[in-house]
Amino acid sequence: MLRTGIVFLILGLGAFILPQFGLQFKLFTVFGDIFGGGETYVEIAIAGIGAVLVGIHLFKGNKDKSSAA
């Protein structure tokens, strides 16, 4: 879960940052064509899912360590 979460975070946040440098992930342009400019919502959703996955991994790791003592 951690690796998938990190990949989603990189994709989601990178999609926000890259257009400022004149670059863009080609994957997200498909969503813009389908939803009529809704690619920003997809970027936010992917970054959010990534953050949730990383958070679940971190909280699960802390819970396992505390119960082992």
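The legends below describe an overview and several close-up views of one predicted protein chain.

Residues are numbered from 1 along each chain as its sequence is written. The model is predicted: local features need pLDDT of at least 70, side-chain atom pairs count only at pLDDT 80 or more, and totals for chains, interfaces and linings use all residues, while side-chain values use heavy atoms, with hydrogens and water left out.

**Figure 1. Overview of the protein chain, which holds three helices and zero strands.** Helices (H or I, at least four residues) and strands (E, at least two) are DSSP runs, numbered from the N terminus. Along the sequence the elements follow the pattern α-α-α. Of the 69 residues, 22% count as buried; buried means under 20% relative accessible area, exposed over 50%, and partly exposed in between (1.4 Å probe, protein chains only). The accessible surface comes to about 5100 Å², and carbon and sulfur atoms account for 70% of that area. Accessible areas come from the Shrake-Rupley method with a 1.4 Å probe; for residues, only the protein chains shown count as cover. Among contacts (heavy atoms within 4.5 Å) with a separation of 6 or more, 57% join residues 24 or more positions apart.

**Figure 2. Confidence along the protein chain, given as pLDDT.** This value is the predictor's confidence in each residue, from 0 to 100. Its mean over the chain is 81, and 83% of the residues reach 70 or more. Confidence is highest in helix H1 (residues 2-17), at a mean of 89, and lowest in helix H2 (residues 26-35), at 71. Where pLDDT is low, the predicted coordinates should not be read in detail.

**Figure 3. Helix H1 and its buried residues.** H1 has 16 residues and reaches 22 Å from its first C-alpha to its last, close to the 22 Å expected at 1.5 Å a residue. The expected span is 1.5 Å times one less than the number of residues. The buried residues of H1 are Gly-5, Gly-12, Gly-14 and Ala-15.

Figure 4. Glu-43 is buried, with a relative accessible area of 5%. Beyond its neighbours within four places in sequence, Glu-43 is in contact with Gly-12, Ala-15, Phe-16 and Phe-28.

**Figure 5. Phe-25 in the loop between H1 and H2.** The residue is partly exposed, with a relative accessible area of 26%. Not counting residues up to four places away in sequence, Phe-25 touches Ile-10, Leu-11, Gly-14, Ala-15 and Leu-18.

**Figure 6. Leu-2 of helix H1 and its contacts with Val-54 and His-57.** Leu-2 is partly exposed, its relative accessible area being 30%. Although Leu-2 and Val-54 are 52 residues apart along the chain, their C-alpha atoms are separated by 5.2 Å.

**Figure 7. A nonpolar surface patch of about 770 Å².** Leu-13, Phe-16, Ile-17, Phe-21, Leu-23, Tyr-41 and Ile-44 make up the patch. H1 and H3 each supply at least two residues, and H1 gives the most, with three. Ile-17 of H1 is partly exposed, with a relative accessible area of 45%.

Terms used. Patches are made of residues with over 30% relative accessible area and no salt bridge: like charges are joined within 9 Å, nonpolar side chains (Val, Leu, Ile, Met, Phe, Trp, Tyr) within 5 Å. A salt bridge is a side-chain nitrogen of Lys or Arg within 4 Å of a carboxyl oxygen of Asp or Glu.
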